[in-house]
Every structure is written in C-alpha cells, then in structure tokens.
Amino acid sequence: MYGAGLALLLALQVADTLSSTLGKALAYRATPSEGVTAFFAILPTIVNRSLVLAVPFAILLGLSRLQRDSELKAAFAAGIRPLSLVWPLLLPFALVGAVAFWNAGTVVPAGLDRWDRTWFGIFNMPEKIPTRDNYTYAPPGALYYAGRVTPGTPPTPSSAPDSPVPDSAGTSANLAQLAGVMVQRGGVVYTANSGVWDAAQRTWTLDSPWVTAPGQRPRQQAGPLTLPQTDALRPPPAEAKKVSNAQLRSALSGPGLSAQERREYTYQLASRYADPFTPIAFALAAAALGLLIRNQAAALAAVIVFIAGFYVLWITMPQLARAGAVDPTLAAWVPSLVFVLLGLGLAWRVNR
C-alpha cells in the first residue's frame, strides 16, 4: 500500500511540474538534454515530499481495508490490544525518515541549484547576480547602511569597452554598486540614492549625496563624495535551500550572516532534521486514527485532511520564522509536533 501511495504521489507531482514548466520549455526551445537535466534536478525534491506524504495514505487505507474485512475485529477478539498494532508501524517509517534525511541534506540542495542554472540556460539569461540586502556596518563612531549591495563594476563611462583596463586595485571583484545609501559619521549624516564600494581602496563613493549636519539645513553636494569604509566586501551567502547540512552548520558558526539570513539558515537546517521525523509522526497519528475509522471513504477523507493540514503548517511556518515571529527551530518542528500530539491524543482515545 505504501508503494502504491508513493507511486501515486510521484505521478501527481511529476504531472504538476511538467504542466507548469513544459510550456515555458517549448516556448524557449529548450533542448531535450536541458529538459532531462531539469527533470532530474527537481526529482529529488519531488521524491522527498512523496516519501513523507505517502505514509498516511498507506496506513489509513490499509487499516480501513482490514476494518472492512473484519480482520481487526478478529485480532481484537483474539486478545490483541489495539495499540500493539500501532507501535510496530513506527520502525519501517523511521527508515523512510532516514532516507528522506539523507536525500534532503545532500541530494536536494545540489538538485535545486542545478535546476536554477538549467533554467537560466534555457531562458538564455545570465545567472542571477548575487546581492546583499539591508547591509549594515557599525564601527566605533560611525554607521554605514545600504539597502542593496550588488557586486560588480557599476555602469559608468569609465567601464565602457574602449576604456583602459583597470589595474588590480580597481577590478570588478573589488567593486560593488550601492543602492539606498546612508552613512553617519561624527554626527553628520550622508544619504544618496546610489554609490560605489571600492573594497581595494576601502572607500564608499556616494553619488551627489545629501549632507545633514547638526544645526544646519540639509544640502545636496554637487558631484560624488568619497568616505572611508574599512569593512570587507563579501559575497552574500547562498540560498539556504541550496546549501548542504555541513555548509549550513559552518555558516551558522561564523559571523557573516545577517539576522534574517541567520534565521533562514537556522530554519533550513532544523527543517532537514524535523521533516524526516514527520513519517514517524504521521505513522503514529494515522495508525491511531485508522483504528477508529470504519470505512474506506472516511479513510480517504482523512488522508486529504492529513496532507492539507500538514501543507498549511509547512508553508506557514517558514514565513513566520523568516519574519522573526517564531523561533526558526521551533517553526521547523511545529508540523511534526502537531501530528505527534494528535497521534498521542488518538492513541489515548483508542486505548480507552
């Protein structure tokens, strides 16, 4: 029954993925090799979801069949306690969780990265430029803020094709574009729409900034203004979903993450431990509920409720964790904990 549920869920998700991407692939004339690469890149993610969601399908429909054939009544009449049928189900689905844990921590991140790169190739676009949002640096007596930091040489006349090639102190690896800039030094505040970060010269150059000094009216300077900035220019961290468990732990142990990035990395790492525990939580709750259900129609309805309830929690918790409304580790474990509590409650009801 578990194999049938797994096959059904795989087929449904593959069909959904193909329906949402096939039109784009044909419109942009994707080659067969690109299509195959994209499919196998997203396949580990589809497999991981199916491994988990097939658990309530298998248990509820399996127990409902035993109920229909009166095999459970015969077992209970022989003196077998109802809960003694629940606990043995936890072991095989613990093995399913172990497979899901390995897949989520190693195969899925690499697949998602390959998925994005494949579609950039299909769309004939350069890969997404890495950016860092809401950059803040506060050395003693100063504050530097940029709404967005984009690595690379800004589009200025000096970077035109016929311009002299800059030396190593001015290469694009040491330059970044700034947007939404604010600098405070010694009580004076400088704001500008844009600017340039030169990491080699350790400066920020603001484009025609507004200058606000104590006791003076704000004034706009004609032309650029260069200010010292001693922080290092670091590329933003990779998307958490594309990073392996080892890399997530390494990044979280260092100081290079912003508060929001730290929440996202913490949630992603915690979810890779919590989600593989979900098959066990599902097995407990579904087995206890299956002993209370008397027909297959009710069992099928219970499967839908299980999957829908889990999906609502699964998409809501990351948003709350990202916003800082819920602790990221707690948010990752909430879906599994809810079904564990539900399972314990149903097991108590069965044992009465």
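Tutor: A polar contact is a pair of N or O atoms within 3.5 Å, where, within protein, one must be able to donate a hydrogen and the other to accept it, and residues adjacent in sequence count only if both atoms are side-chain atoms. This is a predicted model, in which local features need pLDDT of at least 70 and side-chain atom pairs count only at pLDDT 80 or more, while totals for chains, interfaces and linings use all residues. Residues are numbered from 1 along each chain as its sequence is written, and side-chain values use heavy atoms, with hydrogens and water left out.

Student: OK, so which side chain does the side chain of Asn 245 make a polar contact with?

Tutor: The partner is the side chain of Arg 272, at 3.1 Å. Asn 245 itself belongs to helix α5, which covers residues 245-252 (helices, H or I of at least four residues, and strands, E of at least two, are DSSP runs numbered from the N terminus).

Student: And is Asn 245 buried or exposed?

Tutor: Asn 245 counts as buried because its relative accessibility is 8% (buried is under 20% relative accessible area, exposed over 50%, and partly exposed in between, with a 1.4 Å probe and protein chains only). Apart from neighbours within four places in sequence, Asn 245 is in contact with Phe 101, Gly 105, Leu 269 and Arg 272, contact meaning heavy atoms within 4.5 Å.

Student: What about Val 47, buried or partly exposed?

Tutor: Val 47 sits in helix α2, residues 32-68, and counts as partly exposed because its relative accessibility is 27%. The C-alpha atoms of Val 47 and Asn 103 are separated by 8.7 Å, although the two residues are 56 residues apart along the chain.

Student: Switching to the sheet side, how do β1 and β2 pair?

Tutor: Strand β1 (residues 132-137) and strand β2 (residues 142-151) pair in the antiparallel sense over five bridges, where pairing requires that DSSP finds at least two bridges between the strands. Thr 136 stands opposite Tyr 145 of β2, and in the hairpin, with four residues between the strands, Gly 141 has a positive phi near 80°.

Student: Last one, how many helices and strands are there overall, and what share of the residues is buried?

Tutor: The protein has nine helices and eight strands, and buried residues make up 39% of its 352 residues. Of the contacts with a separation of 6 or more, 67% come from residues 24 or more positions apart.
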